[in-house]
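Please follow the description below with the sequence and the coordinates side by side, taking one element at a time.

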Amino acid sequence: MTAVQEASPATADVVAAGRRRRARRRLLVHVGLAVAVVVALVLSLVLGRTVYPLSDVVAVIMGADVDGASFTVGTLRLPRALTGLMVGLAFGLAGSTFQTMLRNPLASPDVIGISSGASAAAVIGILVLDLSPSAVSAFATVVALLTALVIYLLAYRQGVANTRLILVGIGISSMLASVVSYVLSGAAAWDMQVAMRWLTGNLNGATYERLLPLLLAVVVLTPVLLRLTRDLEALRLGDQTAAALGVPVERVRVLLIVCAVALMAFGTAAAGPIAFVAFLSGPITARILGPVGSPVLASGLFGALLVLVADFVAQYALGTRFPVGVITGALGAPFLIYLLVRSQRTGGVM
Amino acid sequence: MTSDHTLAAAGLSLGYGDRTVVDDLDLVIPPGKVTAIVGANASGKSTVLKAMSRLLAPRTGAVLLDGKEIHRTPTKEVARTLGLLPQSPVAPEGIAVADLVGRGRHPHQGMLSRWSAEDDAAVARALEVTGTADLADRAVDELSGGQRQRVWIAMVLAQETDVLLLDEPTTFLDVAHQVEVLDLLTDLNRELGTTIVMVLHDLNLAARYADHLVAIRDGALYACGEAAEVLTRECVADVFGLSSVVVPDPTCGKPMVLPLGRHHVAEGHRTVPA
C-alpha cells in the first residue's frame with residue numbers, strides 16, 4: 001500500500017469495464033421500460049369493449065375520420081391513455097426524487113403530505129366552493145404547492161434535516177386527512193360520490209383540456225430534473241459528502257423539491273392522487289435497475305407503465321369499472337408493509 | 001509538487017443556533033504537512049474542521065484558502081483543491097466500490113462533459129493507493145469496516161485535491177486498521193505532498209503521525225506546534241481535564257500520554273494533581 005503516480009493498466013481496465021457494464025445495464029433497463037410503456041400505450045388504444053385494428057388507431061392519431069374509432073379512440077381512449085402516461089411519469093419522477101434525496105423509501109410525496117394538500121383542496125373545491133372540474137384542478141395544484149412550502153418552512157432550521165421533513169410531512173398529512181373527513185361528513189350524497197372518485201384517483205374525466213397543464217409541466221420540468229440527477233446522486237452520499245464534492249446542497253435540494261412537488265401537484269390535479277404510484281415506482285425500479293446510477297428517470301417510466309396497466313385492469317379485467325386508484329392502492333398497501341418489515345431488518349436506507 | 005496551497009482561519013467565530021462554539025480563532029495550517037487537531041468531546045474541533053471545509057458558514061471572520069475567502073469562492077472550485085471525508089458518509093445500497101470511488105470525480109466533471117479516460121485513471125490510481133483495487137467490483141456494504149474506510153479514503157483521493165481534511169478517519173476501526181489508515185495518509189503526504197488535516201481522538205497516534213499538532217479547548221486554540229512542544233502534562237490536564245504522565249514513546253521518541261485514573265495507578269503517581 002504505497003502511493004503511486006500511475007495505476008497499472010490492469011486496474012484501469014477493471015475500472016473502465018465496470019463502468020461500461022453499469023452504463024449498459026442503465027441503457028438496457030431504460031430502453032426496456034420505454035418499450036413497455038409504448039406497448040402499453042398502444043394496447044390501451046387498440047383494446048377495450050371494441051377492438052380497433054392498429055391501422056384505424058394510427059389513422060385517428062394522424063387526424064383521419066374513421067367511423068366509430070374517431071370517437072372511441074380519439075375522444076375517449078387517447079386522452080385517457082395520455083393522461084395515464086403523463087400522470088404516471090410525473091408521479092414516478094417525483095416519488096423517486098424525494099425518496100432518493102431523503103434517502104428513505106417511505107419519503108415519497110404522497111406519504112409526506114403533498115398529495116393530501118391537493119386532496120383537501122379538491123374536496124373543499126367540489127363540496128364547499130362548488131367549483132368546475134378545471135377550477136378544482138387549478139385549486140388543487142396551488143394548494144399542493146403551498147402545502148409543500150409550509151412543510152419545508154416548518155422543517156427548516158439552518159438547512160432541512162431529512163427526518164424532520166418526513167415527520168413534519170406526515171403530521172401535516174394527518175391534519176389534512178382530518179380536513180378531508182370533516183368536509184366529507186357534511187356532504188350531500190351525490191357530491192360525495194364525485195369527491196370520492198376524485199380522492200381515489202381516476203382517469204374517467206380525462207380530456208385534452210385537463211391534460212394540457214400537466215403535459216406542459218412534464219415537458220418543462222423533466223429536463224430540469226434530469227439535469228439535477230448528477231447532483232442528486234452526490235446527495236445520496238450524505239449532505240456533507242455532497243457539499244465537500246462541490247454540490248451547492250441547499251440550492252439543489254430546493255430545486256429538486258420544487259420540480260418534484262410541481263410534477264406531483266399537476267399530476268394530482270389531472271387525475272387525483274392515484275394511490276401509491278409515487279411511492280411504489282422508486283423502490284421497485286431500484287430493484288429492477290440495481291445499484292448502477294440514478295433511478296429517477298427509470299422510475300418515471302415505471303410509473304407510466306404502472307398507471308397504464310392498472311387503468312386497463314381497473315376498466316376491463318374485473319367486471320365492474322373501478323377507478324385506477326383502487327388497483328394501485330391494492331398493490332401499494334402490501335408493498336408498504338413489505339418495505340416496513342424489510343427496513344426494520346436492514347436499517348431502511350434506500 | 002503540491003505543497004503550495006495555504007489554508008488558514010482568521011478571527012473565526014462559529015456556532016449553531018444561539019450557541020457559540022468557537023470564538024475568534026486564528027489558525028494556520030502548515031502546507032505540505034500532516035496536521036492533527038485534538039481536543040475533548042464538544043471542544044469544537046469537528047466544528048473547526050467543518051468551517052475549514054466550508055460546510056459551516058462563519059458568524060464572523062473567515063477561512064482563507066490560498067488567501068481567498070472559502071465561503072465566497074464557488075463551491076466546485078474549492079472542491080478541486082480541498083477534499084473532505086466527513087465522519088459518517090452514506091454508501092447507497094449495493095453500490096460497487098469503483099462506482100463509489102468514481103463519485104469523487106464529481107467536481108472535475110461539468111454539466112455536459114461526460115466521463116473521460118482521465119477519470120478512469122484517477123479512480124484506478126485511488127484504488128491502488130488505498131490497496132482496494134481487488135475490491136473494485138465488490139459491493140461496499142459487503143466490506144469490513146477497515147476496507148470500507150479505505151474505500152471512502154479512495155473516494156476523496158479520486159477527487160485529487162492537494163489539501164485533504166478528515167473528520168476522525170480512524171473511529172470504529174481496530175488498532176491495526178487505525179495504523180493502516182494513518183500510514184496511508186502519511187504515504188500520500190510524503191509522496192504527493194498532500195496537505196493533511198485530521199481530527200483524531202487517540203492522542204498517542206496523533207502525536208506520532210502529525211507533524212503539527214493543534215490542541216483546542218472550549219472553542220479556542222490552546223496550543224499548536226510540534227507534538228513535543230504541545231503535548232505536555234499541563235496540556236493534557238488543561239485540554240482534557242485529565243492527570244497523566246507523559247513519557248517519550250520508545251518507538252519514535254514523540255510524547256506518549258499515560259492517563260492517571262483513580263484506579264490501577266502505582267503509589268508513586270497517586271499524588272499528581274489534575
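Strand 1 (residues 7-16) of chain B runs antiparallel to strand 2 of chain B, and seven bridges join the two; strands, like helices, are DSSP runs numbered from the N terminus, with at least two residues (E) for a strand and at least four (H or I) for a helix, and two strands pair if DSSP finds at least two bridges between them. Within this pair, Tyr16(B) stands opposite Arg19(B) of strand 2. The model is a predicted one, in which local features need pLDDT of at least 70 and side-chain atom pairs count only at pLDDT 80 or more, whereas totals for chains, interfaces and linings use all residues. Residues are numbered from 1 along each chain as its sequence is written, chains are lettered from A and ligands numbered from 1 in the order in which they are written, and side-chain values use heavy atoms, with hydrogens and water left out.

Both strands belong to an open sheet of four strands in chain B, with the order 2-1-4-5 and antiparallel pairing. Strand 2 (19-29) and strand 5 (68-69) of chain B each have a single partner strand and stand at the edges, so one side of each has no neighbour in the sheet.

Further along chain B, strand 9 (residues 212-217) and strand 10 (residues 220-225) run antiparallel and are joined by five bridges. Most residues other than glycine have a negative phi. Another positive value in chain B is found at Glu168(B), with a phi of about 50° although this residue is not a glycine. Glu168(B) sits in the loop between strand 7 (163-167) and helix 6 (175-192) of chain B, and it is buried, because its relative accessible area is 10% and buried means under 20%, with exposed meaning over 50% and partly exposed in between (1.4 Å probe, protein chains only).

Taken as a whole, chain B has nine helices and 12 strands. Its radius of gyration, taken over C-alpha atoms, is 20 Å, close to the 19 Å that the globule rule (2.2 Å times the number of residues to the power 0.38) gives for 274 residues, so chain B is as compact as a globular protein of that length. Buried residues make up 53% of the 274 residues in chain B, and the C-alpha trace spans about 65 × 40 × 35 Å along its principal axes.

In chain A, helix 4 (residues 114-128) has 15 residues and reaches 21 Å from its first C-alpha to its last, close to the 21 Å expected at 1.5 Å a residue, where the expected span is 1.5 Å times one less than the number of residues. Just after helix 4, Asp130(A) takes a positive phi of about 55°.

Leu27(A), by contrast, is exposed, with a relative accessible area of 57%, and its place is in helix 1 (residues 9-46) of chain A.

Val249(A) lies in helix 10 (residues 249-271) of chain A and counts as buried at 11% relative accessibility. In the loop between helix 10 and helix 11 (277-289) of chain A lies Phe276(A), whose phi is positive, near 70°.
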